[in-house]
Amino acid sequence: MARRRQIYEGKAKILYEGPEPGTLIQYFKDDATAFNAQKKGTISGKGVLNNRISEHIFTLLGQIGVPTHFIRRLNMREQLIRQVEIIPIEVVLRNVAAGTLSKRLGIEEGTQLPRTIIEYYYKDDALGDPLVSEEHIACFGWASQDEMHDIQDMAIRVNDFLSGLFAGIGIRLVDFKLEFGRIWDNDYSRVILADEISPDGCRLWDMETGEKLDKDRFRRDLGGEVEAYQEVARRLGLMPEGENAVLDLESHRKRRGR
């Protein structure tokens, strides 16, 4: 497919003009960032794996009735998506204490939460994506009350589905980030799931060993990022069994002298 006009470039993806009105081409990069882009690097092949994993998950969500921006995958790094007006809120669902929640509240990482927590963060890198409340969202008009109800309902459905999906392949869904956008039909809009779902935006721990199979391997300088992403894809049935597709973190640590 011929390269089209670039619309936007983010930390992990580039959006290009789509072949038809109301569509975009989403390109997955190998760039890796953490701590609001204070740490930067590259994970070779990450874009290919995230494209495939996100395609798989969005397809399954569509089959259970969750509306998404995903149309189809075009090639190894690109997918065709619906153009949406992004709601400037990151929706984070937490099933297990980890990351900033553990630091903020002094809860030991790995503690199972009594119930799933939904948090909202205002999308602004310059401000460090601050935690906000529903009161902030309503006050500043980032989303209406009806939209927030739709977002919450979809987020809970996605969490229930993904928790079961990953548990079935021996992975604990610790927490994850979702983004939503509006699509318009004249004066009427509705909210659909957007962005991506991949190890970049999920904390995924092996149920038996506790090994991290996500971007925390990059954030915390654990190494083995490519192997971790490959292992998630392999367990989801997206990569054939084989030497290059099997995660062996013990061998990785030995190679690094750890």
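**Overall fold**

Modeller: The protein has 7 helices and 14 strands, where helices (H or I, at least four residues) and strands (E, at least two) are DSSP runs numbered from the N terminus. This is a predicted model: local features need pLDDT of at least 70, side-chain atom pairs count only at pLDDT 80 or more, and totals for chains, interfaces and linings use all residues. Residues are numbered from 1 along each chain as its sequence is written, and side-chain values use heavy atoms, with hydrogens and water left out.

Biologist: What radius of gyration does the protein have against a compact globule?

Modeller: It has 18 Å, which agrees with the value near 18 Å for a compact globule of 258 residues. The radius is taken over C-alpha atoms, and the globule rule is 2.2 Å times the number of residues to the power 0.38. Along the principal axes, the C-alpha trace spans about 60 × 50 × 35 Å.

Biologist: And how much of the protein counts as buried?

Modeller: 49% of the 258 residues. Buried means under 20% relative accessible area, exposed over 50%, partly exposed in between (1.4 Å probe, protein chains only).

Biologist: Which way do β1 and β2 run, and how many bridges join them?

Modeller: They run antiparallel, with 3 bridges joining β1 (residues 6–9) to β2; strands pair if DSSP finds at least two bridges between them. The two form a hairpin with 3 residues between them, and E9 stands opposite I14 in β2.

Biologist: What about β2 and β3?

Modeller: Also antiparallel, with 5 bridges to β3 (residues 23–28). E17 stands opposite L24 in β3. Their hairpin has 5 residues between the strands, and G22 there takes a positive phi near 85°.

Biologist: Now helix α6. Why is that one largely enclosed?

Modeller: Because 8 of the 11 residues of α6 (residues 225–235) are buried. Among them are A228, Y229, V232 and A233, along with the charged-type residues E225, E231 and R234.

Biologist: What covers the buried residues of α6?

Modeller: The cover includes α1 (46–63), α4 (145–167), β12 (171–185), β14 (202–206) and α5 (216–219), with contact meaning heavy atoms within 4.5 Å. Just after α6, G237 takes a positive phi of about 80°.
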